[in-house]
Amino acid sequence: MSLFDELRHDLITYLDREQIEVIHRAYLLASDAHKHQHRRSGEPYITHPLAVAHILCSLRMDYQSISAAILHDTMEDTPIEKNQLIEEFGQEIADLVDGVSKLTQIEFTTREQAQAENFRKMLLAMSRDIRVILVKLADRLHNMRTLGGLPPAKQRQKAIETLEIYAPIASRLGMYAFKMELEELGLATLYPFRYRVLQTALEHVTKTRQAAVTQIETALKSCLEKHHLPPSAIWYHQRHLYTLYKKMKREHLSFQEVIDFFSFRIIVDNIDDCYRALGAIHNLYRPIPEHFRDYIALPKTNHYQALHTTLFGPNGTPIEIQIRTAEMDEKAEQGITAHLIFKKGKTLKEIQSHTQNWLQGLMDLQQQNTDNPVEFIENVKIDLTPKEVYVFTPKGRIMELPLGATPVDFAYAIHSDIGNACIASKVDKRLVPLSTPLSNGQTIEIITAPGARPNPAWLSFIMTSKARSHIKNYLKELNHSESVALGERLLKGALKIMGTTLSKFPHHALKSTASELGYPSKEALYEAIGLGNQIATVVALHLAEQNDTITPPSKKKKRALIIKGNEGRILRFAECCHPIPGDPIAGFFETGQGVVVHTKNCPEAARTQTHNEPEHYLPVRWGETPEGDFKVKITVEVINQRGVLAQITTAISDADADIQNVNIEEHDGNYCSLHFTILVRNRTHLARVFRRLHSLNVVSRLARR
Ligand code: MN
């Protein structure tokens, strides 16, 4: 029999011929794509995807899942691309394969417990379609079964990942058979010695108990038959090794203590018989009070149903009994897959809507029992309507952010200082605009610069309230101190024009002037002047009249305000033209914003001048040697090649200018424009920056904006 025929043999029990034909085509493509590859064990690679398909076939999954299982490593390991899969197998199967490939690319490296939970959520969120995670679980199961070929370090890493990530996911999806096997394989790989000791102990116990088990089983059976309830199945349930191991660790118990009971399962025809069987066996052995649970009338949140009871056994050893119907048993073993099982005559749509209903039911149940939250439901919720996105820091930490979050949100989530100083971001090592929405599984790096500050424009795209409140606070703080300082300076200037100075007035004079004008404090008055809500000359006159030191002001000509630097940002330099020392400039009061300095030829300034009253105009000029650095925007058009950004940024900083921000605009494959905001001292300095950039042969065009 060929490799595929074995699978076909099982597929024909529940799939149509046309569906099996699709799976066969998937097999032909995959076996051709993998034909030169081998597993470490030496077998042809195609044996692995076939085995994964077989696992899913045993769960009676639909033909799309089985096809995806066969193709699951083609996108990762062979030149086959998604487009080809769409063409040959349609969007649905291609999406499944793509989904599995994305999960495969992500490796869990951190050992932190809390991170494991986020990692599980991320995988579920990335899966979207629950079938993706099922294919991935089957893939992992087969890899764990055939782990021997890998080097020991790799084996350990896979085992940790399996125990911390995949087994809990299987458990949440109610797939207990998967969970048990993954856990045992994980334990055996990670702690081979402990595993062997426990296994030997368990075998020993099983042997010595054989007689007792048979005795109890026979007693149960004849008791049920006597009550006309012949069970369709009854069996001794051996606790799984990993379950026992976890209980020993958690409760600090010895092996003897955790193994000290018998456990049986009884399957009967219908719900009625479940209760009658319970009554019958309570007559056989005395039940232990408080140990009875009716999960049929009150199912668990994951829809698990059964009757649980514990009895005093013949020699004092407790006997745990679970009674349920065959249907309940199937659901308990296969969990979510029981709902995905492909039944003949049912369309895919029906199956999906059935599953959807099942998940919806879980969520409704969850809402009613808010005091009993089950993580499983949380995860299912994410899966159906993802509201979060999970991304990595460069060190591999996982951060949970709301859907649509951007690198700025990420920066603030790490630390407000990083958010406040961020200028650019890399996603998976590529520079992207700060407004780019993040996707699951990406690695985000934030580039900061000393002296950078939050940009008000960020408020239009950020998603998190943390980023929003930090940016707003920062801007408010900045506005306030700026306005106060400017107001004080303007008042002093106005007094100077009147031939006096602030120091000539008694200490309380300014305070009383402030309260007369309706301000609670001197500071509030300064702020009002700085924001343009009060005219400095008016306040100066008021102050002078009150205090009897009048010198009539010369109203004819306003004296220019000298700009000595960007001293604590007393003045605001317009964002449209970014004046720097050397540029001809003009100042304007803007209500609520204080004085804004534009370049003389700025169109925005011309507009302000014609529309506002003359008192809004404020002559300004540069001082001798203005101190500090001034923002200016430049555009550098470059040939798009590797490392070009590094070359440009190095040239700029070699010319002694700081970069505050960069935006990248790609034109076609060959050129891109880099829009920088840089800090320079004056026009001469800017010219030096330009000379440096011109000397690079990747630069094709250079302009100040
Ligand atoms: Mn694989």
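Glu290 counts as exposed because its relative accessibility is 71%; exposed means over 50% relative accessible area, buried under 20% and partly exposed in between, with a 1.4 Å probe and protein chains only. This residue sits in the loop between helix 14 (271-284) and strand 3, and has a positive phi of about 70° although it is not a glycine. Helices (H or I, at least four residues) and strands (E, at least two) are DSSP runs, numbered from the N terminus. Asp428 also deserves a look: its phi is positive, about 50°, and it is not a glycine either. You will find Asp428 in the loop between strand 8 (422-427) and strand 9 (430-432). At 43% relative accessibility, Asp428 counts as partly exposed.

Before going further, please keep in mind that this is a predicted model, in which local features need pLDDT of at least 70, side-chain atom pairs count only at pLDDT 80 or more, and totals for chains, interfaces and linings use all residues. Residues are numbered from 1 along each chain as its sequence is written, and side-chain values use heavy atoms, with hydrogens and water left out.

Five strands form an open sheet with mixed pairing, in the order 1-2-5-4-3; two strands pair if DSSP finds at least two bridges between them. Its edges are strand 1 (233-236) and strand 3 (293-294), each of which pairs on one side only. Strand 1 joins strand 2 (residues 262-268) in the antiparallel sense over four bridges, and here Ala233 stands opposite Ile267. Helix 11 (residues 192-226) lies across strands 1, 2 and 5 (318-325), running at about 30° to strand 2; axes are lines fitted to C-alpha atoms, for helices over the stretch in contact (heavy atoms within 4.5 Å), and angles run from 0 to 180 degrees between N-to-C directions.

Next comes the metal site. His48 (NE2), His72 (NE2), Asp73 (OD) and Asp139 (OD) coordinate the manganese ion at 2.2 to 2.5 Å. Donors are N, O and S atoms within 2.8 Å of the metal (3.2 Å for Na, K and Ca); water is not among the atoms, so sites may look incomplete. His48 lies in helix 3 (residues 47-58) and Asp73 in the loop between helix 4 (63-71) and helix 5 (74-77), so this pair ties together parts that are 25 residues apart in sequence. Both His48 and Asp73 are buried.

Finally, a word on confidence. The protein chain averages a pLDDT (the predictor's confidence in each residue, from 0 to 100) of 82, and 86% of the residues score at least 70.
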